[in-house]
Amino acid sequence: MNQIIALPVLYSLRNCPYAMRARLAIYAAKQQVQLRDLVLSNKPAEMLAVSPKGTVPVLVTASNQVIDESLAIMQWAFSQSDPDDYLDSKAPNALAEMLAVIEIFDHEFKGHLEKYRCSKRYHEPSLITDRQQCERYLTDLELRLCQHQYLISDKPSLVDLALMPFIRQFARVERQWYLQAPYPKLRHWLNGYLQSRMFSKVMEQHPLWLDAKQEVVFGDRT
């Protein structure tokens, strides 16, 4: 029990892409946290006390540091341990380059993705136009994957984990269109993650923390 109490606490929402990428990094970094799954309609008072903005993910470290941005949680995880070198530590400018790619997707692509998802949901006439706005960014990823196995090089990086949940969202909007779209390398890359042990662990369903008050240890130190 003392070991569980000493672990960082992660407030998370299973299907939120921001929470998803935080969990992916924690898993890849072989860290362990107390996972507190929630629904946005019923936010724990404990989470709101440390992060009043009320969005997930929120990480409270063992030293009571509060980190409530998904990318910052990812970087925290890899600062603790990076056994597979997701930050490409030997390349001096690698992290800056990774963050620049992620920033483009976080501040540009995601806005277009939300419009595209809304267009499909509400049968808007702008559906194709909104999809094409997203495709400008997918084309860049396809070109990257023609050059190497992952988005930055031949090994996975912070960028792959940060972008994957949002590419997954895109792929689910018009499933039949996506399956025949001119992005075979991107489909292969995404499928590799969706079929991985890491993703199955990251997406494992747990009882809602407020309902069960059950402490779930998430992560893999093996």
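Student: Is serine 12 buried or exposed?
Tutor: Keep in mind that this is a predicted model. We call a residue buried when its relative accessible area is under 20%. Serine 12 has a relative accessible area of 0%, so it is buried.

Student: Which residues touch the most other members of the largest nonpolar core?
Tutor: General idea to begin with: in soluble globular proteins, nonpolar side chains tend to be buried together. Here the largest nonpolar core has 61 residues, and Phe78, Phe109, Leu161, Ile167, Phe170, Trp189 and Met198 touch the most other members. Helix α7, residues 158–173, gives the most to this core, with eleven residues. A second, separate core has ten residues, among them Tyr11 and Val56.

Student: What does leucine 161 touch?
Tutor: Leaving out residues up to four places away in sequence, its contacts include Leu24, Met74, Phe78, Tyr86 and Met198.

Student: How far apart should the ends of helix α5 be?
Tutor: Count 1.5 Å a residue: the 28 residues of α5 (94–121) should span 40 Å, and the end C-alpha atoms are 38 Å apart, so the two agree. Still, α5 bends by about 40° at phenylalanine 109.

Student: What do the buried residues of α5 pack against?
Tutor: An α-helix has 3.6 residues a turn, so residues three or four places apart point the same way. The buried residues of α5 include Met98, Ile102, Phe105 and Phe109, and the buried residues pack against α2, α4, α6 and α7.

Key. Residues are numbered from 1 along each chain as its sequence is written. This is a predicted model: local features need pLDDT of at least 70, side-chain atom pairs count only at pLDDT 80 or more; totals for chains, interfaces and linings use all residues. Side-chain values use heavy atoms; hydrogens and water are left out. A nonpolar core is a set of buried Ala, Val, Leu, Ile, Met, Phe, Trp, Tyr and Cys residues joined through side-chain atoms within 4.5 Å. Buried means under 20% relative accessible area, exposed over 50%, partly exposed in between (1.4 Å probe, protein chains only). Helices (H or I, at least four residues) and strands (E, at least two) are DSSP runs, numbered from the N terminus. Contact means heavy atoms within 4.5 Å. The expected span of a helix is 1.5 Å times one less than its number of residues. The bend at a residue is the angle between axes fitted to the seven residues ending there and the seven starting there.
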